[in-house]
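This report looks at how parts of a protein model meet, taking the boundary inside one chain before the boundary between two chains.

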Amino acid sequence: MKQFSYRYESSIRFSTPVSAHSWLLRCMPRTEPFQLTQQCRMQVCVTFGDGTSLPVPVSHGRDGFGNALQTGHVAREHVCFSIISEGTVRQTPYRICGTAHGMYLEDTVLTQAGPEMESFARQHCRRMPVSCSLPHGAVLDRALSLCSAVHGHMSYVTGVTTVTTTARQAFLTGQGVCQDYAHVLIALLRSCGIPARYACGYLSGEGATHAWVEFFDEGVWRALDPTNDRLLNYGCIKVAHGRDSADCPVNRGVFTGTAAQQNTLVIKVEEV
Amino acid sequence: MYSLVESREAVNNWLERYGVRFGIYKNGTFREQLFPFDPIPRVITPEEWDYLEKGLSQRVRALNLFLADIYGEKNIIKNNIVPKSFIYASKGYLPQCEGIRPPHGVFAHIAGIDLVQARDGQWFVLEDNLRIPSGASYPLIARTITRKVSPETFSANHIEDNRNYPGLLRRTMDSMNVNGGLNVIFTPGRYNSAFFEHSYLAERTGSVLAFPGDLVVEDNHVYYQGIFHEKTLVGAIYRRVSDEYLDPMVFEPTSLLGVPNLMQAYAAGNVALLNSPGNGVADDKGLYYFVPRMVEYYLGEKAILQNAPTYLPYYEEDREYVLANTEKLVIKDVSEAGGYGVVFGRDLERDRLEKLKELIRTEPRRWIAQEVINFKDLETMDERGVVYRKADLRAFVLSSAEDTVVWKSGLTRFARQADSFVVNSSQGGGFKDTWVMRDHQSLPKSF
C-alpha cells in the first residue's frame, strides 16, 4: 500500500465579466477498490469585478458511470472562476474486480476503428472469437502488445489534435496527446472483442490531467498507459471513467458573455 | 353527421384561425403548413376499443418495466431475452441515465403507439413512440371545433368525449410532481414542428410554457425565471426538447436549447421529467421486435396486441429471408424517425435494391424488415367526393403514479395520395378525428 497527496488547482480568467455561469466538474478522486480517498476536499471560488472573491455553493452528485460530480450555478457577473481539489489517497496496485458493462464493447463517435485500424489490430493480435475461452494471460498479452503497438505508431505532439479528434483521425496522422493515444487503444481493444474504457485523472510528474485505458480481463479491470507504454500500478489518481473522453471532461461550463478565457492549471501528485 | 361532412371547409378555416399548423424542415428551410383535416372520422366500436385499450395498456406497462430494468438491474439481458448488443448499440440507449430511478419508477408517461388495421380487421402495432410523441392536440381541438360547427352530429351519436385529454395530462403531471412546484411544458420554441401543440397543451393544462433560457438549475433544483428574474420552484417538466439537447453539460455540449445541469437535478429526484431521458432504447425500431417478449417476460401474460410481421437481419435465418424477399418487404433504418428511412423494396430500381441488400449484409443491426400490411383504407373526402386512403392510428397512453390510462380517442393520420402508405404529418399527410363509440345504437353508417 502506498499513499499519495494530490492538489489540483485550475482557474479561468475572463477578459470581460460573464454571468449565468453553470458548471459541472469531475475533479474529485473516485473511490475504487484500489484507491481509498482520505480527507479530500474541494472548493470553487469566483472573483467579482471589484476584486473580492467568494466561495460558491457546490452540489454533489454522480453520473451514469459512477463518477463523482460537482455542479453549481453563479448568476452574478464575475471575472474569474477557480477550483481547488486536494487530499490524499491510499492505493494498492491498480486492479478493479467487477463486471464489464456491455457499452464498453460498442463503438462511439470518438472510438470508431475503421478498416485501417482493424487490420492494424489483426496484425498485432489475432482476432479472437468472443465466446472461446482463452488460456490464462492471453487477453493481457494481447492488450500489452496492442499498447506497445500504439505507443510505437503514435508520436506525442501537442496542438495537432483537439477534444473532437477521433481515434481514426489520430491514428491516420499518427500524432496526438494522451487522450488520442487512449482513444486509439480503446478502438483497437474493442475491435478485438476486449471491453475497454477511457479513464482519466492526475499522474505524478505530469503537469496536466492524464488519460489512460482500462481493459477487462477475467473479472478484473486493469489499466494501460499507451502514452508511456506500461501497465499502471501506483501513482495515477483516478478521477473518472467512461466510454470515451466525452463522458468524463474535468470541467464543463456554460455562461453568458463574449469574454476571452485564460486558463491556468497546476497539478501536483507526491508519494507521502 | 352529413352536416359535419359538408362543413369540411368551415372546420379547416377554424383550424387555420386557431393556428393549427405543422412545421416542416426540408432542404434546410422551415415551412409551416396547415394540417389538413378530414371530417369523416375513424369510428371504433366499443368491443374493438375494449380490445385496443387492454392491449395498449399492457404494452406500455411492459415498456415501462423494460426501461426500469435496462437502466437498473438488466435482468432481461441476463436472462437472454434481448441480446445485449441490441441495447448498447442503440442510439436511444443513454449511459448517462444509468442508475437513475425516476419518480414512481415511471419512464414513459406519455406514449404514442402507432397502429394500423388490416383489411381483415386485425390490428397491428407499427411503432412505439416513448420520447416526445406529438399529435394529441389535433383531434382534441378538431373535436372542439366540430362540436361547434355541427352540434347535432354529437347529440345524435354516442361518442366518448375526448376533451378530457388535458385533464389526463394534468393528472399525470401532478402525480409526478416531486415538490408541489410548477408544472412546466418546456418547448424548444416557435420553430419547432409541434409548437402549436406545446402552447395549446400548456394553456389547457394550466402549465407554464417555458422557452430555452426560462429554466435554471441552482442548488440542484430547477427554477422558472420570469421576466424580472424572480424564481419559482419547478416540480414537473413535460419537456418537448429531445434528449440530446436537454442538458449541454451531459449531452450535446453545443445545445443552446437545453437547461445546464438539469440531469443532475433530475438524478437527485428534485424534478420530474416527462418523458424520462433515455426512453429511446425502448422505442428503437430494432427493439420493437422484442416487445411481445417483454410483455411475457415482465407481466407473465401473452401480448394482446400483435406486431407487424418483422424480421431482424441480425439473425442469420431472418437475414436470408430478407435478402431473398427484399422486393416484397418494407425496409426500415432503425436510426431514423418520422417516416424517414422507410423504403418499400418494390419501389426500388435494380441497382438501388442491390445497394440496399449490400448494406443489409454489411450492417445487419441497422435494419429491420416488415411484411407490407394490406391496410384497411378509410373513407376520406376530397374535392370529387369520397375516396379511400391508407391511414394509421396513434393512440395516446398516459402513465401516472397509480395507473396506465388510454385516451379514448387518438390521432388518425391518412395518406393524401391514393397509392401512398406513408401517413406521417412530416410527409404531408392529413388527419381525422377518432371516435370511440359508447354503444352500438348510434354507429354511423357509411357515407
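How many salt bridges are counted between domain 1 of chain A and domain 2 of chain A? In this predicted model, the count between these two domains is one salt bridge. The side chains of A:Glu32 and A:Lys238 meet in a salt bridge, with 2.8 Å from N to O.

## The two domains of chain A

Chain A is divided into domain 1, which takes in residues 2-92 together with 250-271, and domain 2, which covers residues 96-247. The centres of domain 1 of chain A and domain 2 of chain A, taken over C-alpha atoms, are separated by 27 Å, and 24 residues of domain 1 are in contact with 23 residues of domain 2. The area buried between domain 1 and domain 2 of chain A is about 2000 Å², of which carbon and sulfur atoms give 64%. On the side of domain 1 of chain A, the residues that lose the most area to domain 2 are A:Phe65, A:Ile267 and A:Val269, which together make up 31% of what that side buries.

Between domain 1 of chain A and domain 2 of chain A there are also nine residue pairs in polar contact, counted where both residues have pLDDT 80 or more. The strands β1 (2-25), β6 (78-91) and β16 (261-271) of chain A each supply at least two residues of the side of domain 1 that touches domain 2, and β1(A) gives the most to that side, with four residues. By class, this side of domain 1 of chain A has 14 nonpolar, four polar and six charged residues.

## The interface of chain B and chain A

Between the two chains, 22 residues of chain B are in contact with 22 residues of chain A. In chain B, the residues that lose the most area to chain A are B:Pro95, B:Met249 and B:Gln264, together 31% of what that side buries. The elements of chain B that give two or more residues to the side touching chain A are α5 (84-88) and β8 (215-218), and by class that side has twelve nonpolar, five polar and five charged residues.

| Item | Value |
|---|---|
| Area buried between chain B and chain A | about 1800 Å² |
| Part of that area on carbon and sulfur atoms | 58% |
| Salt bridges between chain B and chain A | zero salt bridges |
| Polar contact between chain B and chain A (both at pLDDT 80 or more) | six residue pairs |

Terms used: Residues are numbered from 1 along each chain as its sequence is written. Chains are lettered from A and ligands numbered from 1 in the order in which they are written. This is a predicted model: local features need pLDDT of at least 70, side-chain atom pairs count only at pLDDT 80 or more; totals for chains, interfaces and linings use all residues. Side-chain values use heavy atoms; hydrogens and water are left out. Contact means heavy atoms within 4.5 Å. Buried area is the accessible area (1.4 Å probe) that two parts lose on being put together, summed over both. A salt bridge is a side-chain nitrogen of Lys or Arg within 4 Å of a carboxyl oxygen of Asp or Glu. A polar contact is a pair of N or O atoms within 3.5 Å; within protein, one must be able to donate a hydrogen and the other to accept it, and residues adjacent in sequence count only if both atoms are side-chain atoms. Ala, Val, Leu, Ile, Met, Phe, Trp, Tyr, Cys and Pro count as nonpolar, Asp, Glu, Lys and Arg as charged, and the others, Gly among them, as polar. Domain bounds come from an automatic or database domain assignment.
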